[in-house]
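The exercises below can be worked through with the sequence and the structure side by side. Each opens with a task and is followed by a solution in steps.

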Amino acid sequence: MDGYDGAPRPREVRPGEHPLWDRALDLVNRDLAALLPDAGPLRLLALPPWAEEEDTREHVYVALPDGRWHGDDLWHGSTASVTAASAEVAEAAQETVMEVLWQVWPVCAEHRLGLHVSQDEDRAVWWCAGGERDPAHARAPVGGLDAPHRPRGGRRERP
């Protein structure tokens, strides 16, 4: 079915079509629910290849519940491992949330900086650049973010 401008409409990716991306999206949705519970779970949408492309694979995107997304499609080579798939889906999810909702996500509660996806040993992690005196650090594995917590240093007194 075509969209309003003659372009093909995206279709919902069925569970099991891309098992590693499904698994990665479950992890990312845990992080989203922990820090932006009102955003709702992200989903995978697919579009057919563009007419001039030789590759016949669909373009798969990480989208908001209402179907909006932003950024590049998922790289099919990222399905080589759980770590690569998790990093790819987390990065695409972050771009969609930030560009469509205009919301920096996720944020390191300790340094109040936006986190970035990285790979640390055998897992994908949310990485913080650190503060003025603090070194960069892995905040949590993808899927392991929790609700915001107080920065180190304890409770601050109200004026």
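**Exercise 1.** Decide whether Gly-143 is buried or exposed, and find which residues from elsewhere in the chain it is in contact with.

*Solution.* The model is a predicted one. Gly-143 has a relative accessible area of 15%, and because buried means under 20%, Gly-143 counts as buried. Once the neighbours within four places in sequence are set aside, the contacts of Gly-143 are with Leu-27, Arg-30, Asp-31 and Trp-126. A related distance concerns Asn-29, which is 114 residues away along the chain, although its C-alpha atom is separated from that of Gly-143 by 7.4 Å.

**Exercise 2.** Trp-126 is in contact with Gly-143; describe the aromatic pair that Trp-126 forms with Trp-105.

*Solution.* Two aromatic pairs are found in a search of the whole structure. In the pair formed by Trp-105 and Trp-126, the centres are 5.4 Å apart and the planes make an angle of 70°; because planes over 60 degrees apart count as edge-to-face, this pair is given that name. The pair links distant parts of the chain, since Trp-105 sits in the loop between helix H2 (82-101) and strand S4 (107-108), while Trp-126 belongs to strand S7 (residues 123-128), 21 residues apart.

**Exercise 3.** Work out the order of the strands in the open sheet of three strands, and state which strands stand at its edges.

*Solution.* The order is S6-S7-S8, and the pairing is antiparallel. Strand S6 (116-120) and S8 each have a single partner strand, so one side of each is left without a neighbour in the sheet and these two stand at the edges. Neighbouring strands here are turned against each other by 50° on average, direction ignored. Between S7 and S8 there are four bridges, and Cys-128 stands opposite His-137 in S8. Helix H2 packs on this sheet and touches S6 and S7, with its direction at about 170° to that of S6.

**Exercise 4.** Find which strands S2 pairs with, and in what sense.

*Solution.* Strand S1 (residues 11-12) pairs with S2 in the antiparallel sense over two bridges, with Arg-11 opposite Ala-46. S2 is also joined to strand S3 (residues 59-63) by five bridges, again antiparallel, and Leu-47 has His-59 as its bridge partner in S3. Finally, S2 (residues 43-47) is mostly covered, as four of its five residues are buried.

Terms used: Residues numbered from 1 in each chain as written. Predicted model: local features only at pLDDT ≥ 70, side-chain atom pairs only at ≥ 80, totals over all residues. Heavy atoms only, no water. Buried < 20%, exposed > 50% of the residue type's maximum accessible area, 1.4 Å probe, protein only. Contact = heavy atoms within 4.5 Å. Pairing = 2+ DSSP bridges. Phe/Tyr/Trp six-rings, centres within 6.5 Å; stacked < 30°, edge-to-face > 60°. Axes fitted to C-alpha atoms, helices over the stretch in contact; angles between N-to-C directions.
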